[in-house]
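Student: I have a model open and want to go through it. Can we start with the aromatic rings and then move on to the strands?

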Amino acid sequence: MNSCDPLNEISNIPYWPQEFVDRYIADGLWTKDTFGDELYKISSIMGDKVAVTDNDKKLSFEALNKSVNELALGFLNLGLQKKDIVIVQLPNSIEFIEITFALFRIGVIPIFALPAHRENELNSFCSFTKARAYITADMIAGYDHCILASSLQEKFSFLKYVIIVGKEDKEININSLRNNSISLPLPQIDAQDIACFQLSGGTTGIPKLIVRRHQDYLYNVRACIAACHFNKDTTYLAVLPMGHNFPMACPGFIGTILAGGHVVITRSAVASECFDLIEQEEVTVTALVPPLAMVWLNAASIFKPDIPSLQVLQVGGARLSNEAARQVEPTLGCKLQQVFGMAEGLICFTDLNDSEEIVTTTQGKPMSVADEVRVVDELGHPVPDGEVGYILTRGPYTIRGYFGQNEANKTSFTEDGFYKSGDLVRKIAGYLIVEGRDKDQIIQGGENISIEEIEGILIKHSAIIDAVIVGLPDEYYGERICAFVLCKTPPTTENDLRLFLKNQGLAPFKIPYRFEFLDQFPTTGVGKISKKELRKELLKMHLEQEKIKKVI
Ligand code: J2J
């Protein structure tokens with residue numbers, strides 16, 4: 001990322017052409033409402049009903065609204081102002097929700113860094129946006145964020161405030177802000193004002209910044225609430241890192257609160273702990289990425305948890321294999337909802353009333369009638385229904401360009417404003433099936449290999465929890481198939497897996513050349529399996545072996 005003048009950039013962010021703005025407003029999709037106002041409205045309706053539970057802390061809607069106001073005033077008293085940019089990097093917690101709504105209410109713009117982000121990402125966010133504050137916790141998963149904060153402040157003189165949730169004696173503590181709020185008028189926030197920055201979920205390089213405004217992000221939340229039937233009886237377990245678009249706004253914790261439901265927060269994604277919490281708090285819905293869903297399915301088949309309250313498991317963020325999808329209902333006793341989404345906008349859901357076939361083999365339909373989706377070939381020409389092509393999308397909650405990325409925007413967006421996510425999909429009767437990503441295929445000796453086919457068969461093996469196929473660069477073949485597997489106990493052997501694949505009818509040239517057994521997969525900030533890290537790991541192992549061969 002290049003550095004830029006944030007204020008200049010803010011006035012220069014790609015925006016929808018006027019005809020689209022007029023249409024979205026006329027159709028009632030974009031309104032004048034803002035997140036701050038929506039919280040006032042729902043808290044006046046819900047009153048003392050519990051809105052959030054985090055371990056032994058509970059907040060009613062009224063209490064949440066009050067606390068959000070106190071914090072909003074605290075931020076203003078400290079010196080933060082509307083349009084300032086701040087980095088928020090917090091673990092799942094009640095404070096996450098309070099701080100998010102407080103910032104929304106005063107127009108201070110959070111960048112939601114994920115807890116797994118480190119100095120590289122934070123350096124980039126700071127220098128790129130001239131962030132004025134870093135709001136974090138003293139420790140997140142054993143990592144000291146106070147040290148990271150000091151290092152950022154040494155480098156960036158504009159990073160004026162470090163606000164800490166946790167230890168009382170460090171920096172500016174969040175609680176001191178609450179107690180210190182002299183009444184000030186809250187700034188006027190308009191629907192076209194920026195609510196926050198989301199981060200692109202790409203697996204290469206530093207995430208790009210995605211501007212979400214109240215008008216489009218609120219529409220995003222409202223459309224998700226409608227598509228997922230969230231209401232005051234919904235109890236949502238926030239397991240994935242709450243700064244990610246999926247657990248935040250699709251419908252996520254914001255959707256649950258604005259629907260009058262109950263958000264239960266956990267900092268642990270460990271299946272047995274989450275099963276206990278689901279039972280105890282009568283959770284009705286939760287959202288996972290596929291690797292976590294696979295681990296939960298394995299745990300549920302062993303522990304047989306008693307979780308009748310759980311009605312829906314949303315799974316998205318990466319492709320869930322059809323085999324794993326089929327296990328959800330019998331193993332967890334709840335319905336599966338597949339979610340194909342992106343922080344840039346478009347969200348697709350399977351519907352709870354869809355047939356089992358649709359729910360287990362597709363990634364759903366775009367949630368809004370105003371979503372425009374095209375499936376095209378490499379030249380941008382539409383492909384017939386049922387054929388694989390690149391997805392292009394635009395609509396009332398899909399951005400028209402990244403923040404400060406004039407060059408990247410030329411390749412990531414078409415001239416008429418469609419976002420090119422790089423996902424390869426097939427469209428059948430309106431439903432999308434994600435077939436992979438543009439760079440996510442193995443071409444071995446000129447043969448295109450379907451990663452999904454091999455992964456899908458491998459996970460049918462009774463000793464396997466999850467499997468990932470990546471390509472190992474090879475002088476002769478171009479690439480060779482390598483399988484990384486996560487085994488149950490007792491584990492299995494390479495020979496057994498080869499035989500199994502053969503007996504399942506897999507063509508011999510698709511049988512992996514190499515198998516690697518791991519205890520856990522490297523993941524991205526939100527918990528998707530990081531193929532980039534696996535490829536790096538594979539290359540490292542390969543080069544080391546080559547070195548040993550030479551020595552011998
Ligand atoms: C295959 N690939 C998928 C799916 C996302 C809801 C759910 C997820 C995200 C998210 C999100 C997939 N099958 N079911 O923002 O609101 C891959 C695609 C996509 C990229 C976006 C939401 N669901 N993906 O994961 O911005 O490659 O958003 O382009 O992090 O994840 O990643 P991200």
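Tutor: First a definition: rings of Phe, Tyr and Trp (its six-membered ring) pair if their centres lie within 6.5 Å. Keep in mind that this is a predicted model.

Student: Which residues do ring pairs link into a cluster?

Tutor: Tyr15, Trp16, Phe20, Tyr24 and Trp30 are linked that way.

Student: And what lies over the face of Phe20?

Tutor: Arg23 does, at 4.7 Å from the ring centre. Elsewhere, the charged end of Arg118 sits over the ring of Tyr143, 3.6 Å from its centre.

Student: How many aromatic pairs are there in the whole structure?

Tutor: The search finds 19. One of them is Phe35 with Tyr217, an edge-to-face pair with 6.1 Å centre to centre and 70° between the planes. This pair links distant parts of the chain: Phe35 belongs to helix 3 (residues 35-46) and Tyr217 to helix 9 (residues 214-228), 182 residues apart.

Student: Are Phe35 and Tyr217 buried or exposed?

Tutor: Phe35 is buried, and Tyr217 is buried too.

Student: Why does the pair of Tyr402 and Tyr419 count as edge-to-face?

Tutor: Because the planes of the two rings are at 90°, and planes over 60 degrees apart count as edge-to-face. The ring centres of Tyr402 and Tyr419 are 6.3 Å apart. Tyr402 is in the loop between strand 20 (389-394) and helix 16 (406-412), and Tyr419 is in strand 21 (residues 419-428), 17 residues apart.

Student: Why is Tyr402 called buried?

Tutor: Tyr402 has a relative accessible area of 3%, and buried means under 20%. Tyr419 has 6%, so Tyr419 is buried as well.

Student: Now strands. How many residues of strand 11 are buried?

Tutor: Five of its five, over residues 209-213. Leu209, Val211 and Arg213 point one way from the strand, while Ile210 and Arg212 point the other way.

Student: Why do they alternate like that?

Tutor: In a regular strand the side chains alternate between the two faces of the sheet.

Student: What joins strand 11 to strand 10?

Tutor: Five bridges, with strand 10 (residues 194-199) and strand 11 running antiparallel. Leu199 is the residue opposite Leu209.

Student: What is the strand order in the open sheet of nine strands?

Tutor: The order is 2-1-13-12-14-15-16-17-18, and the pairing is mixed. At the edges are strand 2 (57-60) and strand 18, each of which pairs on one side only. Inside that order, two bridges join strand 12 (residues 235-238) to strand 14 (residues 285-288), and these run parallel. Leu237 stands opposite Thr286 there.

Student: Which residue can we look at in strand 18?

Tutor: Lys365 is placed there, in residues 365-366. Lys365 is partly exposed, with a relative accessible area of 35%. Leaving aside neighbours within four places in sequence, Lys365 is in contact with Ile347, Cys348, Phe349, Ala429, Gly430 and Tyr431.

Student: How is the chain divided into domains?

Tutor: The assignment gives domain 1 (31-226), domain 2 (268-367) and domain 3 (441-551). The centres of domain 1 and domain 3, taken over C-alpha atoms, are separated by 40 Å.

Student: What does the UniProt annotation cover?

Tutor: The unreviewed entry annotates residues 453-528 as "domain: AMP-binding enzyme C-terminal". In the model, the chain over residues 453-528 is 21% helix and 34% strand, with the end C-alpha atoms 19 Å apart.

Note on methods. Residues numbered from 1 in each chain as written. Predicted model: local features only at pLDDT ≥ 70, side-chain atom pairs only at ≥ 80, totals over all residues. Heavy atoms only, no water. Buried < 20%, exposed > 50% of the residue type's maximum accessible area, 1.4 Å probe, protein only. Helix = DSSP H or I, 4+ residues; strand = E, 2+ residues; numbered from the N terminus. Pairing = 2+ DSSP bridges. Domains from an automatic or database assignment. UniProt positions renumbered as here; feature names shortened; annotations may be inferred. Phe/Tyr/Trp six-rings, centres within 6.5 Å; stacked < 30°, edge-to-face > 60°. Lys NZ or Arg CZ within 6 Å of the ring centre and 35° of its normal. Contact = heavy atoms within 4.5 Å.
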